[in-house]
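The structure comes next, then my notes.

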Amino acid sequence: MQTPSKLLLENKAWSENIKSKDPEFFLSLAKEQRPETLWIGCADSRVPAETVVNAQPGEIFVHRNIANQVITTDFNCLSVLQYAISVLKVKHVIVCGHYGCGGVQAALQPQKADLVIANKWLLHIKDVYRLHQEELETIDPRKKTDRLIELNIIEQVYRLAHTSIIQSSWKHGHRPSLHGWVYGLQDGLLNELITLDHKTEISPIYRYAE
Ligand SMILES: [Zn+2]
């Protein structure tokens, strides 16, 4: 049982364990953070960013929400992105989704009355479905959800590329590279779906002119 008191006990043990190996670990980390990667992932408890890439505290700047979305009117996500790019100067942004994503599965269903707020968040995934409707309705129905999960990840990477934050950073600093990854709940493995960088040609209607 993961009760809050059990979690606090586990935290003490974790901290002691790290300090026994490296007494300076927290003291040096407390001075500053220098992560090279921003991770935009799903809130799903089975896909913890640091754990699946074997990273230590301080190595990854993390933003997670339902179905790893980059909504360009979401000040939460955009603030994280801007801070990561302008202050932390990260070299890579990874959008990581996962097969078996409950958010994407829910987006394939009619809207539920008890989820009036979440419904609105999921509408953006329904838009990804509509954008790729022809492909999604002609493939093997058993593969439809997995494919929408992949297309949703790819779409979020393009949304990042369409922001002024990324295009300005590409122009002036040639960073970050943008990556779309999908995680398999069944095998714990990550697979690459798309990579964009400063050489990527942006469609004129999305181009940011400074
Ligand atoms: Zn998910």
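**Cysteines.** I started with Cys 77. It is buried, at a relative accessible area of 1%. The model is predicted. I then checked Cys 42, which is buried too, with a relative accessible area of 7%. Cys 77 is in no disulfide. Its nearest cysteine sulfur belongs to Cys 42 and sits 13 Å away. My count for the model is zero disulfides.

**Cores.** Next I asked which residues have the most contacts inside the largest nonpolar core. They are Leu 38, Ile 40, Leu 81, Val 93, Leu 160 and Leu 178, in a core of 40 residues. Helix H8, residues 144-161, gives the most to this core, with eight residues.

I followed up on Leu 160. Leaving out residues up to four places away in sequence, Leu 160 touches Ile 40, Val 70, Leu 81, Val 93, Val 95, Ile 166 and Leu 178. Another core lies apart from the largest one. This other core has nine residues, including Trp 39, Val 47, Ala 55 and Cys 96.

**Domains.** I looked up the division of the chain. Domain 1 covers 1-31 and domain 2 covers 32-206. Their centres, taken over C-alpha atoms, are 30 Å apart.

**Ring pairs.** How many aromatic pairs are there? I get four.

I took Trp 39 and Trp 181 to begin with. Their ring centres are 6.4 Å apart and their planes stand at 85 degrees, so I logged the pair as edge-to-face. Trp 39 is in strand S1 (residues 37-42) and Trp 181 is in strand S4 (residues 177-183). The pair therefore ties together parts that are 142 residues apart in sequence. Are these two buried or exposed? Both Trp 39 and Trp 181 are buried.

Phe 61 and Tyr 83 form a tilted pair, at 5.8 Å centre to centre and 35 degrees between the planes. Phe 61 belongs to strand S2 (residues 60-65), and Tyr 83 to helix H4 (residues 75-86). This pair ties together parts 22 residues apart in sequence. Phe 61 counts as buried, at 17% relative accessibility. Tyr 83 counts as partly exposed, at 38%.

Trp 14, Phe 25 and Phe 26 are linked into it by ring pairs.

Conventions: Residues numbered from 1 in each chain as written. Predicted model: local features only at pLDDT ≥ 70, side-chain atom pairs only at ≥ 80, totals over all residues. Heavy atoms only, no water. Disulfide = S-S within 2.5 Å. Buried < 20%, exposed > 50% of the residue type's maximum accessible area, 1.4 Å probe, protein only. Core = buried A, V, L, I, M, F, W, Y, C linked by side-chain atoms within 4.5 Å. Helix = DSSP H or I, 4+ residues; strand = E, 2+ residues; numbered from the N terminus. Contact = heavy atoms within 4.5 Å. Domains from an automatic or database assignment. Phe/Tyr/Trp six-rings, centres within 6.5 Å; stacked < 30°, edge-to-face > 60°.
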